[in-house]
Amino acid sequence: NGVAIDFRWSSLVSQVQTLVNSDQERTIVSDILVRNQIPALVSCAIKFGLKNGVLSETKAKQAAEDFINGFQGTNFEVSALVKALFDVGAVSVSPVTLKIEIDQIDGAIQFLEGTDTIPTPRGVFLTASAITASYKS
């Protein structure tokens with residue numbers, strides 16, 4: 001009998017930890033991100049079409065992750081994510097359902113899901129967690 005552990009992580013965690021541990025950031029509670037931001041893990045599956053094969057699955061995934069990780073605001077527009085994919089070469093994108101998992105300060109987990117506008121609570125920063133991108137068949 002074994003134990004299996006399934007966990008989700010963000011590639012930004014190590015960057016934040018390095019920032020907080022740096023000698024230049026040693027002042028207690030000097031970093032607003034650490035003190036006031038609530039992490040939210042974003043996942044979605046993206047299927048896209050292209051003309052002339054100029055967009056790889058890796059590049060599409062990276063474009064989606066960059067868009068999600070750079071998001072600032074309180075209303076996430078899935079259509080803006082789709083536009084980011086068009087900007088890197090997609091000619092069509094199947095409907096995308098975005099899932100957001102917010103780990104609240106009190107330990108509760110809030111789940112948001114949508115295909116259009118997803119209101120995100122103030123103080124939440126989105127981190128791409130489980131993003132897949134593949135060609136439409």
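1. **Basis.** The model is predicted, so local features need pLDDT of at least 70 and side-chain atom pairs count only at pLDDT 80 or more, while totals for chains, interfaces and linings use all residues. Residues are numbered from 1 along each chain as its sequence is written, and side-chain values use heavy atoms, with hydrogens and water left out.

2. **Overall make-up.** The chain holds 4 helices and 7 strands, where helices (H or I, at least four residues) and strands (E, at least two) are DSSP runs numbered from the N terminus. Read from the N terminus, the order of elements is α-α-β-α-β-α-β-β-β-β-β. Of the 137 residues in the chain, 31% are buried, a term that stands for under 20% relative accessible area, with exposed being over 50% and partly exposed in between (1.4 Å probe, protein chains only). Contact means heavy atoms within 4.5 Å; among contacts between residues at least 6 apart in sequence, 69% join residues at least 24 apart.

3. **Helices α3 and α4.** The axes of helix α3 (residues 57-69) and helix α4 (residues 78-87) come within 9 Å and cross at roughly 140 degrees, the axes being lines fitted to C-alpha atoms over the stretch in contact, with angles from 0 to 180 degrees between N-to-C directions. That angle makes α3 oblique to α4, because angles under 35 degrees count as roughly parallel, over 145 as roughly antiparallel, 65 to 115 as roughly perpendicular and the rest as oblique. On the α3 side the contact is made by Ala60, Ala63, Ala64 and Phe67, and on the α4 side by Ala80, Leu81, Ala84 and Leu85. The residues of this contact divide into 8 nonpolar, no polar and no charged, where Ala, Val, Leu, Ile, Met, Phe, Trp, Tyr, Cys and Pro count as nonpolar, Asp, Glu, Lys and Arg as charged, and the others, Gly among them, as polar.

4. **Lys61 and Glu65.** Helix α3 also carries Lys61, which is partly exposed with a relative accessible area of 33%, and Glu65, which counts as buried at 17% relative accessibility. Leaving aside residues up to four places away in sequence, Lys61 touches Ile131 and Ala133, and Glu65, with its neighbours within four places likewise left aside, is in contact with Ala128 and Ile131. The C-alpha atoms of Lys61 and Ala128 are separated by 9.9 Å, although these residues are 67 apart along the chain.

5. **Cys44.** Strand β1 (residues 38-49) contains Cys44, and this cysteine is buried, with a relative accessible area of 7%. Apart from residues up to four places away in sequence, Cys44 touches Leu81, Val96, Thr97, Leu98, Ala130, Ile131 and Thr132. Cys44 and Thr132 are 88 residues apart in sequence, yet 6.6 Å apart in space, C-alpha to C-alpha.

6. **Aromatic rings.** Rings of Phe, Tyr and Trp (its six-membered ring) pair if their centres lie within 6.5 Å, with planes under 30 degrees apart counted as stacked, over 60 as edge-to-face and the rest as tilted. By this rule the count comes to 3 aromatic pairs. Phe67 and Phe76 form an edge-to-face pair, 5.7 Å centre to centre with 75 degrees between the planes. Phe67 is partly exposed at 24% relative accessibility, whereas Phe76 is buried at 0%. Phe67, Phe71 and Phe76 form one aromatic cluster.
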